[in-house]
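Here are some exercises to work through with the structure open beside you. Try each task before reading its solution.

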Amino acid sequence: MRNNFDKNVNHQLFPDDLKKIGLRLKGIRKGLGFSNSDKFAHHYELDRAQYGKYETGSQDLRVSSLIKILDKIEYKLSDFFNDEYDKIKL
């Protein structure tokens, strides 16, 4: 039996929290003045295709990868998962 975090799992099976994390990343990116994920990823030396998948919630995002992204933009994990995160509607 495959679990929800297998890389080959259809993105429709991913938990809603992956989509919320993606939406939170997108909101932070826009708040930093980046109109699209490609420019943001390029600026912070992230894999553009992979980062785009994180924002859409279509790719599993490891905690270590999230921390790496947040470190690059000088954002604390505790600030990421704050009241704004809780307010995200899918």
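**Exercise 1. Decide whether I67 is buried, exposed or partly exposed, and find out which surface feature I67 belongs to.**

Solution. This is a predicted model, so treat each value as computed from it.
- Step 1: Take the relative accessibility of I67, which is 34%. Buried means under 20% and exposed means over 50%, with partly exposed in between, so I67 counts as partly exposed.
- Step 2: I67 is found in helix α4, which covers residues 63-72.

**Exercise 2. Describe helix α1: its span, its buried residues and what they pack against.**

Solution. 
- Step 1: Compare the span with expectation. The 16 residues of α1 reach 23 Å from first C-alpha to last, close to the 22 Å expected at 1.5 Å a residue.
- Step 2: List the buried residues of α1. They are L18, K20, I21, G22, R24, L25, I28 and R29.
- Step 3: Find their packing partners. The buried residues of α1 pack against α2 (37-43), α3, α4, α5 (77-80) and α6 (83-87).
- Step 4: Look just past the helix end. There G33 takes a positive phi of about 95 degrees.

**Exercise 3. Which residues have the most contacts inside the largest nonpolar core, and which element gives the most to this core?**

Solution. 
- Step 1: In soluble globular proteins, nonpolar side chains tend to be buried together.
- Step 2: Find the core. The largest one has 19 residues, and L25, F40, L46, Y51, L61 and F80 have the most contacts inside it.
- Step 3: Sort by element. α1, α2, α3 and α4 each give two or more residues to this core, and α1 gives the most, with 4 residues.
- Step 4: Follow L25. Beyond four places away in sequence, L25 touches Y51, Y54, E55, L61, L66, I69 and F80.
- Step 5: Follow L46, which lies in the loop between α2 and α3. Its relative accessible area is 13%, so L46 is buried. Leaving aside neighbours within four places, L46 is in contact with F40, A41, Y51, I69 and K72. L46 and I69 are 23 residues apart in sequence, with C-alpha atoms 7.9 Å apart in space.

**Exercise 4. Where do E45 and E74 lie, and are they buried or exposed?**

Solution. 
- Step 1: Examine E45, in the loop between α2 and α3. Its phi is near 55 degrees, a positive value in a residue other than glycine. At 65% relative accessibility, E45 counts as exposed.
- Step 2: Turn to E74, in the loop between α4 and α5. Phi of E74 is near 55 degrees, again positive in a non-glycine residue. At 75% relative accessibility, E74 counts as exposed.

Conventions. Residues numbered from 1 in each chain as written. Predicted model: local features only at pLDDT ≥ 70, side-chain atom pairs only at ≥ 80, totals over all residues. Heavy atoms only, no water. Buried < 20%, exposed > 50% of the residue type's maximum accessible area, 1.4 Å probe, protein only. Expected span 1.5 Å × (residues − 1). Contact = heavy atoms within 4.5 Å. Core = buried A, V, L, I, M, F, W, Y, C linked by side-chain atoms within 4.5 Å.
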